[in-house]
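Let's take a walk through the aromatic rings of this model. Here is the structure to keep beside you as you read.

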Amino acid sequence: MYKENQFRILFNFTFLHPVKFYLGGFYNIPHVKYYYVFLCFVYIVTVLGNGFLLSVIYLVKTLHTPRYIIVFNLAVTDLCGSTALIPKLLDTFLFDRRYIVYEACLSYMFFVFYFGSMQSWTLVVMAYDRFVAICLPLRYNVLVTRKSVITILLCSWTSLLIVIAVLVGLFDRLSFCGSLEIKSFFCDHGPTFRLACSDTFLNVVMANVTYTLVICIPLVLIGATYVCISIALSRTASREERLKALRTCTSHLILVALFFIPYMGTNIIVKITDINPNVRIFNSSLSHIGPSLLNPIIYALKTEEVVNAIRRLCKRKTTVLSKW
């Protein structure tokens with residue numbers, strides 16, 4: 001069991017910053033190493049799946065469209081987000097290296113939140129693409145171009161960089177003079193700033209702002225988008241046209257459900273019930289790693305253009321090999 005009196009802490013002259021934090025997640029769970037092996041498998045599949053999807057989009061010129069620029073961006077964020085979280089998680093718990101340097105902890109927090117935030121807003125950009133395609137089809141080639149999509153994505157990357165940098169940067173004004181055990185599987189924002197013995201008002205405000213920007217606003221925008229899409233489809237006379245349009249939204253709706261439902265479900269359960277900390281940590285870890293694992297699989301299997309592109313690549317390789 002972690003004991004506070006075992007720590008020797010060095011402090012700076014202005015604020016009390018610990019040399020190290022202690023990650024207390026996954027404590028006293030029988031056979032937990034099997035879960036670490038599972039996470040290792042998940043990371044390998046995530047890297048291979050997203051790497052494969054990135055390669056297909058890059059190699060097949062018919063996929064060099066605004067829609068697949070967005071998919072490419074999602075695969076990049078999935079790959080980076082998993083790489084920011086899982087290898088360090090395995091190093092921490094599988095090899096029992098639970099102490100993490102203060103600066104490394106803040107960097108860890110920054111990258112996990114940054115790429116997770118970008119996943120959320122990439123889903124919003126996907127919703128915008130579907131909205132224009134179904135509600136304003138005649139203006140699609142004007143409103144959704146490579147230039148406009150790249151501009152929107154770059155603005156998202158830049159804006160979220162500033163937001164998450166402020167969120168994490170506010171830790172420098174906190175003092176830590178008590179427990180240094182972070183009761184989570186990574187340097188999570190809430191469990192970390194609550195350890196501070198100084199005023200955390202600004203941290204709470206910024207946490208709420210970030211939650212609104214990353215979870216609430218994207219959900220509202222995506223929901224409003226699909227309300228508009230539903231109204232537009234209800235005015236369509238042909239049932240076949242409605243089904244065809246809905247098929248183009250299926251993959252996106254699955255991605256939205258995979259990203260938002262587990263995360264919000266875990267947060268709601270934590271607030272309304274006295275859930276076991278280890279159960280919360282398991283649910284939270286699965287919420288972080290699940291979308292990145294499943295997103296490329298869904299797009300590879302559910303999207304006709306990607307399936308056809310994979311077939312063309314396979315035929316091309318078969319033709320090249322047969323010539324040899």
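Buried here means under 20% relative accessible area, exposed means over 50%, and partly exposed is whatever lies in between (1.4 Å probe, protein chains only). Keep in mind that this is a predicted model: local features need pLDDT of at least 70, side-chain atom pairs count only at pLDDT 80 or more, and totals for chains, interfaces and linings use all residues. Residues are numbered from 1 along each chain as its sequence is written, and side-chain values use heavy atoms, with hydrogens and water left out.

Now for the rings. Phe, Tyr and Trp rings (for Trp, the six-membered one) pair if their centres lie within 6.5 Å; planes under 30 degrees apart are stacked, over 60 edge-to-face, and the rest tilted. Searching the whole structure on that basis turns up 21 aromatic pairs.

Start with Phe21 and Phe176, an edge-to-face pair at 5.3 Å centre to centre with 85° between the planes. This pair links distant parts of the chain, 155 residues apart: Phe21 sits in strand E1 (residues 20-23), Phe176 in the loop between helix H5 (146-169) and strand E3 (181-182). Helices (H or I, at least four residues) and strands (E, at least two) are DSSP runs, numbered from the N terminus. Phe21 counts as buried because its relative accessible area is 0%, and Phe176 is buried too, at 0%.

Next, look at Tyr114 and Trp157, edge-to-face at 5.5 Å centre to centre and 75° between the planes. Tyr114 is buried at 9% relative accessibility, and Trp157 is buried at 18%.

Finally, ring pairs join Phe26, Tyr35, Tyr36, Phe38, Phe93, Tyr108, Phe113, Phe185, Phe186 and Phe282 into a cluster.
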